[in-house]
Amino acid sequence: MLQILIFLAVFVVIIFPMGKYMYHITASQHTFADPIFDRVDNVIYRLCSIDRKGMQWKQYAMAMLTTNAIMVLIGYLILRIQTVPFFNPNSIGGMEPVLSFNTVISFITNTDLQHYSGESGLSYLSQMLVITFMMFTSSATGFSVAAAVIRGFAAKTKTVGNFYADIIRITTRVFLPLSLAIGLLLVSQGVVQNLSPNTTVQTIEGKYQDLSMGPVAALESIKHLGTNGGGFFGANSTAPFENPNVLTNMIEMLSMMILPGSVVVMFGLMVRSRGKSSEKDMERKRLFSREAKPVFAVMFFLLVIGIAVCFWAEQAGNPALQQVGLNQSMGSMEGKEMRFGIAQSALFTTVTTAFTTGSINNMHDTLTPIGGMVALVNMMLNLVFGGKGVGLINMLMYVILTVFICGLMVGRTPEYLAKKIEGREMKLTALAIIIHPLLILSFSALAIALPAGLAGISNPGPHGFTQVLYEFSSASANNGSGFEGLGDNTYFWNITTGLAMFFGRYLSMIIMLAVAGSLMLKRPVSESIGTLKTDTGTFTIVLFMVIIIIAALTFFPALILGPITEHMVLWN
Amino acid sequence: MSAFLKEIKTQFMITIVLLLLCGLVYPLLLTGISQLFFPSQANGSLIVENGHAVGSELIGQDFSDHRFMKNRPSAVNYNTYTQEEKDGGDYTGVSSGSKNFAPTNPDLTERVTADIMKFTAVNPTINKEDIPADLLTSSGSGLDPHISPKSAAIQIPALVQSTGLSREILENIVKKNTQNKLLGIFGEETVNVLKVNLEIAKVLRLSGQHAD
């Protein structure tokens, strides 16, 4: 499809300048906008008494955790007292404790799983001071940790950086200005942005219609830029006031793709060769730094496969409806918006799960089994670009694993970026890789073993199991989309998904900071003829295979029980 | 200990500064700019007739009068309701979304089968094989204002009967409210049902009939 190809080409073009800008910010180098932002930042540094001295990885992790904890506390308080008549023209009541717990965890971890419906569950005050605020800070936190990890891998500094300076710089220099610009662009296309109460109109038939209002565009732009994904309205980006036309649809997709894509470019620039100066010059002329190439190639390839399979599956339609006489030549239109059609819907579904945003422009529960499986697999892999920063961190775990396996095959000590990978790093990496499937599969098993879990399932047959699997994959991958038929606003679902989100987010972050911290302290080994090159085509293919094999081994049985069985039943 | 307290104070201050900056200043600033430059869009792209807002051009509506074109089925009935429905508790407040029927869910095939019967009863000249899929499937938001041009075309014979308007007039109205693909490449061709019906109402001089 032409529109998909053009769209992907635009994506590849925009991440280079953006990646370079991000590199300059992360490495504290000069950028064109410094005169303004330096002043702003300095005021904030002084206000918060931040000294910008570098931190060791433990300090960094601690600073990140406690700052997030304070944010959670304040967010929770606001949700509980949102009933106050302040920015609350629709008189929304307070949120109950367990749902509030789930909601703050969901937004601070960048997941944005929503067990409430925005129209009836949140006041404008909460939408701004909790949701929009946390969308900024959670994405800034994710980016900061990724920056710290990359600094560790690059090992050009003695510390992994300063968390406070990182989170402020990325917010003021990237997220705020971009959100403002994209928000305004969205408003010009029809996304609402006001503080008025909901409007009631009288239709030409004499009936009434309620139209939801609110500060939507402000949330909408950071929702995608920060790969957050939680909608202002229950229907998320399917709702016309969040996503009125195909232009906004593509703006929203590019917004969620630009930063995770740029982080890969930034990674390449940060770790680029520290060899001879002639080599450095050559490097500078290259579009992609060498080490970023295999990472980008594998991510992009997985993304393209996903889009192709999802598009094909949705275009094939629903044979069950064909059977009762509804022509399926248009594809499977249940749950999809007419203005997006099959192509833009399949594209959005793949992108939002690959980049772990979790906003939706069609209902994922209504996707065909294979279309839904693409979304599911993207979240299970959690490294097809992934959320800004976090996806790259996950990919680096697999890179280390691949280096290790290759090292075993050729009988040499594995090295990555001129650092020896030894027992400690391997143990941590293995642990980090295992956490994600462990969370998904054990919580899913728990849910289908308990009546409280089974009670949430709304669709019969294998699809019901997929609903459960999807919910926990989404929670653990910090994606936030859902098979929304699931009745998930109960104690069981609020608590289990809350835990899955929490561990899925922070454990892998801390472990990777530990790996980066330990690599940084190692003495670099000089390149020799026996060194395994990690920037070649062979290495790219091996990396791809390792990812596929690990994912297949862990998730294949669950996928057989869910989407694959459903597909067989449907097409029988 | 004092170092620890200083650290906590920094973290608390960062939270407050970002809370005010990202949670208050930014959304209010965007509201101000939007209201200044794009007041119509920022307030819901309302369609105003005779001084009354009759709907939004971005949000679909439920129509029961046979002289009007039909929209796609909606799980939330497009948030459209009568006073009785509100008083009787059938309408519980504004929402959005779909019923989330899986492709294998028997409720989905049941709903579609019933809708096919209903549609062919109102449009007797149409073969059920010719009904485009979008017309009888519900959208994700339940608020989709659009149908495909084919779905509009197959409703025209019945509309000719019920409105007494000529085929040309109706086809012209549909054509006028058909949106092409963006740059001829992106998205789909769509017909805005609300705008079509507003125009039908205008031609039939129905508008204003219910104005209070």
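In this model, which is predicted, 89 residues of chain B are in contact with 102 residues of chain A; contact here is C-beta atoms, placed from the backbone, within 7 Å. Local features need pLDDT of at least 70 and side-chain atom pairs count only at pLDDT 80 or more, while totals for chains, interfaces and linings use all residues. Residues are numbered from 1 along each chain as its sequence is written, with chains lettered from A and ligands numbered from 1 in the order in which they are written.

On the side of chain B that touches chain A, α1(B) gives the largest share, 19 residues. Helices are DSSP runs of H or I, at least four residues, and strands are runs of E, at least two, numbered from the N terminus. By class, that side of chain B has 41 nonpolar, 42 polar and 6 charged residues. Nonpolar is Ala, Val, Leu, Ile, Met, Phe, Trp, Tyr, Cys and Pro; charged is Asp, Glu, Lys and Arg; the others, Gly among them, are polar.

There is also strand pairing between the chains. Strand β2 of chain A, residues 208-211, pairs with β3(B) in the antiparallel sense over 2 bridges, where pairing takes at least two DSSP bridges. A:Gln209 stands opposite B:Thr80.

Helix α7(A), residues 163-189, packs with α9(A), residues 246-270, at about 165°, axes 10 Å apart. The axes are lines fitted to C-alpha atoms over the stretch in contact, and angles run from 0 to 180 degrees between N-to-C directions. The two helices are therefore roughly antiparallel, the term for angles over 145 degrees. Among the residues making the contact are A:Leu185 of α7(A) and A:Ile251 of α9(A).

Terms used:
Two residues are in contact if their C-beta atoms, placed from the backbone, lie within 7 Å. Angles under 35 degrees count as roughly parallel, over 145 as roughly antiparallel, 65 to 115 as roughly perpendicular and the rest as oblique.
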